[in-house]
Amino acid sequence: MRFARSDLQSEPLPLPSEFGAQERAIEAGPGVAQDALRSFLLESVTQYALTMNVPSEDRTSHLSAHLSFGTISARSVVRATNARADDPFLLAEERASIKLYLRSLAQRDFFLQLSWFHPHTQNEPLQEKMADFTFARAHEGLDAWRGGRTGFPLVDAGIRQLHETGWMHPHVRAVAASFCCFDLGVDWRVGRDEWDRWTIEDDRALATGNWQWVAGVGADMAQYPRIYNPERQRRRFDPTGAYVKRFVPELAQRPLATWGVRDERQLALDLFATAAYPSPILDHEAAARAFLARYRAHLAILPEDARRANR
Ligand SMILES: Cc1cc2nc3c(=O)[nH]c(=O)nc-3n(C[C@H](O)[C@H](O)[C@H](O)COP(=O)(O)OP(=O)(O)OC[C@H]3O[C@@H](n4cnc5c(N)ncnc54)[C@H](O)[C@@H]3O)c2cc1C
């Protein structure tokens, strides 16, 4: 077989060393997938509702790459999970956690089907009313977001976890993606394509479905986009800073009260810090308010019919 010559340029793929692959070999294959599932079903699945949003616990199943490369099938995960739910000694909360896990798996299926039946959504928003809403393609803070140096510890820890391991905790993804779309006002496609270079899972449909969901342009019943406050999320889901400290070592010695604070106090502390960690690159409240104003103005200019349909 011969391939036609083309002048198309492509970006170089990140090197394995950029994923930290030299220090930590990534284990793969069906045996590894089965072990991960077995160990997750032993206990973590029964705590899923409590721990799924807590990044320092790291107790989600980590099956995404296996599912996307086919080293385990969604059906076998569902079958084994249902069998686990047959345990007569489970508490009601534990049973509810197992159901929630099955719901996560169903979400995967949902996004795969969405992309199959609506292929244009790979590059266009599912919500027609958002088709001509313009996000920016660039922002002076975009490189800081890409590099995990926004000054918002949870966002930066997530991005650095992605660079280091090829995976980011699911809840942190939502917070870091929200920062890109709303704080920076940058297009969800720019964010998605950036992460696509780093994530080991290779599921474009899931990336697109989730980025659209975060950006408030996709499959979602919510009336307004969910704008996460990155510091409030950090205080709620990483209150001791255990997750952040793991990926942002510059903050390990700094008092929690100074994290993500954008004021004179923190600037003064910076002078004494052993390693520089940036002050927040923007004022979250102001950025979120500015975005919402644009969003509201956009909806208001819709034709009356479309507006009624969206009530
Ligand atoms: C902004 C953003 C971008 C994302 N990009 C990708 C991506 O590029 N590729 C990808 O495979 N996943 C993506 N996800 C979904 C999810 O975060 C990842 O699949 C993550 O790796 C799941 O980790 P886990 O296997 O430990 O999850 P668990 O919580 O243990 O869930 C089990 C399985 O359910 C499915 N699942 C869980 N949450 C979701 C979800 N929100 N949407 C769809 N399926 C889900 C996954 O297959 C997952 O492996 C994204 C989520 C967000 C918020």
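## Getting started

A residue counts as buried if 20 or more other C-beta atoms lie within 10 Å of its own, exposed if 12 or fewer, and partly exposed in between, with C-beta atoms placed from the backbone. Take Asp-58: it has 13 other C-beta atoms within 10 Å, so it is partly exposed. Keep that scale in mind, as burial comes up throughout this report.

This is a predicted model, in which local features need pLDDT of at least 70 and side-chain atom pairs count only at pLDDT 80 or more, while totals for chains, interfaces and linings use all residues. Residues are numbered from 1 along each chain as its sequence is written.

## The overall picture

The chain has 15 helices and zero strands. Both kinds of element are DSSP runs numbered from the N terminus: helices are H or I with at least four residues, strands E with at least two. Of the 311 residues in the chain, 31% are buried.

Now for contacts: two residues are in contact if their C-beta atoms, placed from the backbone, lie within 7 Å. Among contacts in the chain between residues at least 6 apart in sequence, 71% link residues at least 24 apart.

## Two nonpolar cores

A nonpolar core is a set of buried Ala, Val, Leu, Ile, Met, Phe, Trp, Tyr and Cys residues joined through C-beta atoms within 7 Å. The largest one here has 38 residues, and Ala-176, Phe-179, Cys-180 and Cys-181 have the most contacts inside it. At least two residues of this core come from each of helix H6 (142–147), helix H7 (153–165), helix H8 (170–183), helix H9 (188–196), helix H10 (204–215) and helix H12 (242–247). H8 gives the largest share, eight residues. As a general point, nonpolar side chains in soluble globular proteins tend to be buried together.

Cys-180 is worth a look: setting aside neighbours within four places in sequence, Cys-180 is in contact with Trp-145, Val-186 and Gly-191.

## Helix H8 and its neighbours

H8 has 14 residues and spans 19 Å from its first C-alpha to its last, close to the 20 Å expected at 1.5 Å a residue; that expected span is 1.5 Å times one less than the number of residues. H8 is mostly covered, with 11 of its 14 residues buried. The buried ones include Arg-173, Ser-178 and Asp-183 as well as Val-172, Phe-179 and Phe-182. They pack against H6, H7, H9, H10, helix H11 (230–237) and H14. Just after H8, Gly-185 takes a positive phi of about 70°.

## Around the ligand

There are 26 residues around the ligand, and Thr-60, Ser-61, Ser-64, Ala-207 and Asn-210 come nearest. Here a residue is near a molecule or strand if its C-beta atom, placed from the backbone, lies within 6 Å of it. Helix H3 (64–69), helix H5 (92–117), H8 and H10 each give two or more residues to this shell.

The shell divides into 13 nonpolar, nine polar and four charged residues. For this count, Ala, Val, Leu, Ile, Met, Phe, Trp, Tyr, Cys and Pro are nonpolar, Asp, Glu, Lys and Arg are charged, and the others, Gly among them, are polar. The shell draws at least three residues from each of domain 1 (27–117) and domain 2 (142–309), with the domain bounds coming from an automatic or database domain assignment.

## A few residues to look up

Asp-58 sits in the loop between helix H2 (48–51) and H3, and has a positive phi of about 50° although it is not a glycine. His-62 lies in the loop between H2 and H3 too, and its phi, near 55°, is positive in a residue other than glycine. With 16 other C-beta atoms within 10 Å, His-62 is partly exposed.

Phe-291 lies in helix H14 (residues 284–300). Not counting residues up to four places away in sequence, Phe-291 touches Phe-182, Gly-185 and Ile-227. Phe-291 and Ile-227 are 64 residues apart along the chain, yet their C-alpha atoms are separated by 9.5 Å. Over in H11 you will find Glu-231, whose C-alpha is 7.3 Å from that of Leu-154, 77 residues away along the chain.
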